[in-house]
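Open the model in your viewer and keep the sequence panel in reach. Each stop below gives a selection and says what is there.

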Amino acid sequence: QELSLHDDKVSDGEVSTEADADDFVTLVDATAGGMSRADDNPWTYVRFTQAGAERVDIDDETALEDMTWHFALHRFVIRTNSGDSGPSCVGVSEVRGDYADVAEADIDGADWQTENFYNNQCDLETDAIGGPVTAMSAWWAYTSCVETTMVPWLVQLEDGHVLKLVVESYYEGAGQS
């Protein structure tokens with residue numbers, strides 16, 4: 001309940017991917033109905049493939065036992081399919097520096113994190129505005145609105161493949177980079 005999970009709804013949030021040289025640019029609609037309707041809407045589930053990211057059409061309760069997704073997005077929260085979040089072993093590691101400079105050597109020193117939402121008293125760990133603290137919480141900051149920190153991430157998928165990722169913007173078309 002604290003994560004606004006639903007067992008009867010599948011997100012219709014769009015996920016689109018375009019190739020950009022050796023990278024992909026992916027847009028994910030994780031608005032979840034806007035601020036006032038977020039609790040009533042499901043998470044958007046995403047799987048990374050050789051052709052880019054694609055939406056996985058499952059409800060939130062099914063996702064807790066499903067290996068087919070890698071990321072779940074709900075407004076500004078991104079969670080991985082690992083630990084408290086799902087049965088897989090998707091790990092993320094924050095990288096210091098610029099996205100363009102992330103290299104193979106960063107993989108060797110990666111500090112892989114999985115989801116651990118709850119403390120020893122079984123209380124949900126929350127961020128400054130009340131959302132759950134996730135393995136990727138450092139992708140954003142909040143001053144007067146949600147802003148990307150441009151922190152690059154390594155993402156290790158369940159099959160051992162590693163990709164690099166950066167969240168470049170939160171508000172589509174708002175000129176934030």
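**Before you start.** This is a predicted model: local features need pLDDT of at least 70, side-chain atom pairs count only at pLDDT 80 or more, and totals for chains, interfaces and linings use all residues. Numbering starts from 1 along each chain as its sequence is written, and side-chain values use heavy atoms, with hydrogens and water left out.

**Stop 1: the open sheet.** Select β3, β4, β5 and β6. Four strands form an open sheet here, in the order β4-β3-β5-β6, with antiparallel pairing. Strands are DSSP runs (E, at least two residues), helices likewise (H or I, at least four), numbered from the N terminus. Two strands pair if DSSP finds at least two bridges between them. At the edges are β4 (52–56) and β6 (77–80), each pairing on one side only. From one strand to the next the twist averages 30 degrees; angles run from 0 to 180 degrees between N-to-C directions of axes, which are lines fitted to C-alpha atoms.

Zoom in on β3 (residues 44–49). β3 pairs with β4 over five bridges, in the antiparallel sense. Pick V46: R55 in β4 stands opposite.

**Stop 2: the hairpin.** β1 (residues 15–20) and β2 (residues 23–28) pair antiparallel over six bridges. A19 has F24 in β2 as its bridge partner. Two residues lie between the strands, and A21 takes a positive phi near 60 degrees.

**Stop 3: the core.** Show side chains for Y45, F71, W139 and L165. These have the most contacts inside the largest nonpolar core, which has 34 residues. Such a core is a set of buried Ala, Val, Leu, Ile, Met, Phe, Trp, Tyr and Cys residues joined through side-chain atoms within 4.5 Å. Buried means under 20% relative accessible area, exposed over 50%, partly exposed in between (1.4 Å probe, protein chains only). β3, β4, β5 (71–74), β6 and β10 (153–156) each supply at least two of the core residues.

Now centre on Y45. Residues it touches (heavy atoms within 4.5 Å) include R55, W69, F71 and R79.

**Stop 4: the pocket.** Select F24, T26, F48, L165 and V166. Among the 47 residues that line the largest pocket, these lie nearest its centre. β2 gives the most to the lining, with six residues. A pocket is an open set of points on a 1 Å grid over the protein atoms alone, where a 1.4 Å probe fits, with protein on both sides within 12 Å along at least five of seven lines; lining residues have an atom within 4 Å of a point.

**Stop 5: Y142.** Y142 is in β8 (residues 140–142). Is Y142 buried, exposed or partly exposed? At 45% relative accessibility, Y142 counts as partly exposed.

Methods: Lists of a residue's contacts leave out its neighbours within four places in sequence.
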